[in-house]
Amino acid sequence: MMHEKIKTWLQTSDPARLSDLWQQADAARQACVGDAVHLRGLVEVSNTCACACAYCGLRVPNRRVKRYRMTPPETVTCAHQAEQLGCGTVVLQAGEDAGLTAEDVAETIRAIKRTTRLAVTLSLGERRADELAYWRREGADRYLLRFETSNAGLFNLLHPGRSDGGAARQALLEALRELGYEVGSGVMVGVPGQSVDDLARDLLRFQELDLDMIGLGPYIAHPDTPLGRGDLTLMRGVQQVTPDVLTTCKALALARLLCPQANIPATTALATLDPATGYELGLQRGANVIMPNLTPARYRRSYNVYPGKGGDAEPARTVVDLRRRIAALDRTVGTGRGDSPNWRSHQLEDPNDRPERRLA
Ligand code: 5AD
């Protein structure tokens, strides 16, 4: 798909064209990843963060956040709960927290791998290549690292102190693939300063990166951030993307068409913007994954990347509720790990053609 065509889709409000987009995305989802909706149990293991991202409530200058870091045994307990609730994967997510040591993470991975059948996904930010390699050797299966924007100038504006335009992150995504991880990335839809051209390029970048997983959620303003307060205005007057449900669904549908074999969640941010039908709209417009939040309530309250994230529902209740909503769409809940068919097909190829995909 070409840039101009993606832009046209992103800008259309014609109901007939939109219903055609939803139908194409849903058909591609059905053909390439099936009717199963995989549940990934999300555990937010640390909200301590060294970064000052202009959009994120966990940014280091935000003194209102009560910082925490879970211990390996606490995290392993959450993983056991994930398995009991029928998740095939546990996702360990944190801010960029050097205090969460490579050894802590390795110990956690080993314990989960020894005592469950779960796939382990890490989402711990930009860590050193030797740490990523170590965790892979200890059994980590997947890594999520959103590149946030493919516009280098905007990347630097959104990430104070950064001047590489996101190149380091793009390089890490390549390194993760070479280590044999299933690789996920993504962007926020409608972050201030993002133009329709930028979002179209982001979507094409997903395809170039040959992603196994894609996370796309609407930007939600956080009052304790420069962007949320309006201290930093990046509206350059040119076709700013609107951070709404419709635009997020368009981006999701286009991501499905560009990367048909990827695992794509209906994100918590989408469900936060539209609590009544956000998950349903995502699942019917390209998504095939949901990530229920299993972080202990006392910590979850403090993981406010954006306001309203997490809620305070009991994990068991959350999952019962999700199962009912998935069944109401005539979809099934996935069993097993739910590896991306994109990654699996690369595993079967001649390893000499794709050495970067060979398992360590
Ligand atoms: N609104 C929506 N998503 C956000 N993220 C961070 N801050 C916000 C916000 N204000 C997303 C980023 C990050 C992921 C963990 O959460 O894309 O990669």
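How do the residues of the lining of the largest pocket divide into nonpolar, polar and charged?

## The largest pocket

The lining of the largest pocket divides into seven nonpolar, seven polar and four charged residues, where Ala, Val, Leu, Ile, Met, Phe, Trp, Tyr, Cys and Pro count as nonpolar, Asp, Glu, Lys and Arg as charged, and the others, Gly among them, as polar. This is a predicted model, in which local features need pLDDT of at least 70 and side-chain atom pairs count only at pLDDT 80 or more, while totals for chains, interfaces and linings use all residues. Residues are numbered from 1 along each chain as its sequence is written, and side-chain values use heavy atoms, with hydrogens and water left out.

The largest pocket holds about 370 Å³ of space and is lined by 18 residues, of which Thr268, Ala271, Tyr279, Gly310 and Thr318 lie nearest its centre. The elements that give two or more residues to this lining are α11 (268-273) and α14 (315-328), and α14 gives the most, with five residues. Helices (H or I, at least four residues) and strands (E, at least two) are DSSP runs, numbered from the N terminus. On a 1 Å grid over the protein atoms alone, a pocket is an open set of points with protein on both sides within 12 Å along at least five of seven lines, whereas a cavity is a set of points where a 1.4 Å probe fits but cannot get out; lining residues have an atom within 4 Å of a point.

## The largest cavity

A search of the whole structure finds three cavities of 30 Å³ or more, with grid points joined across faces, edges and corners, and a volume taken as the space filled by probe spheres set on the points. The largest cavity has a volume of about 1000 Å³, and of the 45 residues that line it, Gln93, Ser123, Arg146, Glu148 and Val305 are the closest to its centre. Two or more residues of this lining come from each of β1 (36-46), β2 (89-94), β3 (119-123), β5 (182-189), β6 (213-218) and α11, and the largest share, five residues, comes from β6. By class, the lining of the largest cavity has 26 nonpolar, 13 polar and six charged residues.

## The ligand and its surroundings

The ligand sits in the largest cavity, in the sense that more than half of its atoms lie within 2 Å of the grid points.

A backbone N or O atom of Tyr55 lies 3.0 Å from a nitrogen atom of the ligand, an N or O atom in the side chain of Arg146 is 2.8 Å from a ligand oxygen atom, and a polar side-chain atom of Glu148 lies 2.5 Å from an oxygen atom of the ligand. Taken alone the ligand exposes 410 Å², and the protein buries 86% of that, with accessible areas coming from the Shrake-Rupley method with a 1.4 Å probe.

## The second largest cavity

About 80 Å³ of space lies in the second largest cavity, which is lined by residues including Val45, Met70, Thr71, Leu92, Asp104 and Leu124. Both α3 (72-84) and α4 (102-115) supply at least two residues of this lining, and α4 gives the most, with three residues. By class, the lining of the second largest cavity has seven nonpolar, three polar and one charged residues.

## Positive phi values in two loops

Asp210 has a phi near 55°, a positive value in a residue other than glycine, and lies in the loop between α8 (196-209) and β6. Asp330, which is not a glycine either, has a positive phi of about 65° and lies in the loop between α14 and β8 (332-333).

Technical notes. Polar contact = N/O pair within 3.5 Å; in protein donor to acceptor, adjacent residues only side chain to side chain.
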